Amino acid sequence: MAAKKPRKAPAPVLEPAECKPCKGAGEVSRAVYVGRKRRPAGQQTGICLACLGSGEATD
Ligand SMILES: [Zn+2]
């Protein structure tokens, strides 16, 4: 009777985690307000501060 070989566990596939705030886009859109009354002036896209534009979660 042959001894059982220890089964090798398949290596986990390491996918880069998607950054949540920008959903992997690396950019986030945010509203821009102007004036003392902070009137919304539109949307502006900016670099995602959570991943710094890489689109991948850092943790
Ligand atoms: Zn991000």
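This note goes through the fold, the strand pair and a few individual residues of the model.

1. The structure is a predicted model, in which local features need pLDDT of at least 70 and side-chain atom pairs count only at pLDDT 80 or more, while totals for chains, interfaces and linings use all residues. Residues are numbered from 1 along each chain as its sequence is written.

2. The protein has 0 helices and 2 strands, where helices (H or I, at least four residues) and strands (E, at least two) are DSSP runs numbered from the N terminus. Its radius of gyration is 22 Å, well over the 10 Å that the globule rule gives for 59 residues, so the protein is more spread out than a compact globule. That radius is taken over C-alpha atoms, and the globule rule is 2.2 Å times the number of residues to the power 0.38. Along the principal axes, the C-alpha atoms fill a box of roughly 85 × 15 × 15 Å.

3. Buried residues make up 7% of the 59 residues in the protein; a residue is buried if 20 or more other C-beta atoms lie within 10 Å of its own, exposed if 12 or fewer, and partly exposed in between, with C-beta atoms placed from the backbone. Of the contacts between residues at least 6 apart in sequence, 43% join residues at least 24 apart, a contact being two residues whose C-beta atoms, placed from the backbone, lie within 7 Å.

4. Strand E1 (residues 27–34) pairs with E2 in the antiparallel sense over 8 bridges, and pairing requires that DSSP finds at least two bridges between the strands. Tyr 33 stands opposite Pro 40 in E2. Strand E2 (residues 39–47) is hardly covered, the count of buried residues among its 9 residues being 0.

5. The hairpin of E1 and E2 has 4 residues between the strands, and in this hairpin Gly 35 takes a positive phi near 80°. Arg 38, which lies in the loop between E1 and E2, has a positive phi of about 55° although it is not a glycine. Arg 38 counts as exposed because it has 10 C-beta neighbours inside 10 Å.

6. Leu 52, found in the segment after E2, is likewise not a glycine and has a positive phi of about 60°. With 12 other C-beta atoms within 10 Å, Leu 52 is exposed. As background to these angles, most residues other than glycine have a negative phi.

7. Ala 25 belongs to the segment before E1 and counts as partly exposed, with 15 C-beta neighbours inside 10 Å. Ala 25 and Ala 57 are 32 residues apart in sequence, and their C-alpha atoms are 11 Å apart in space.
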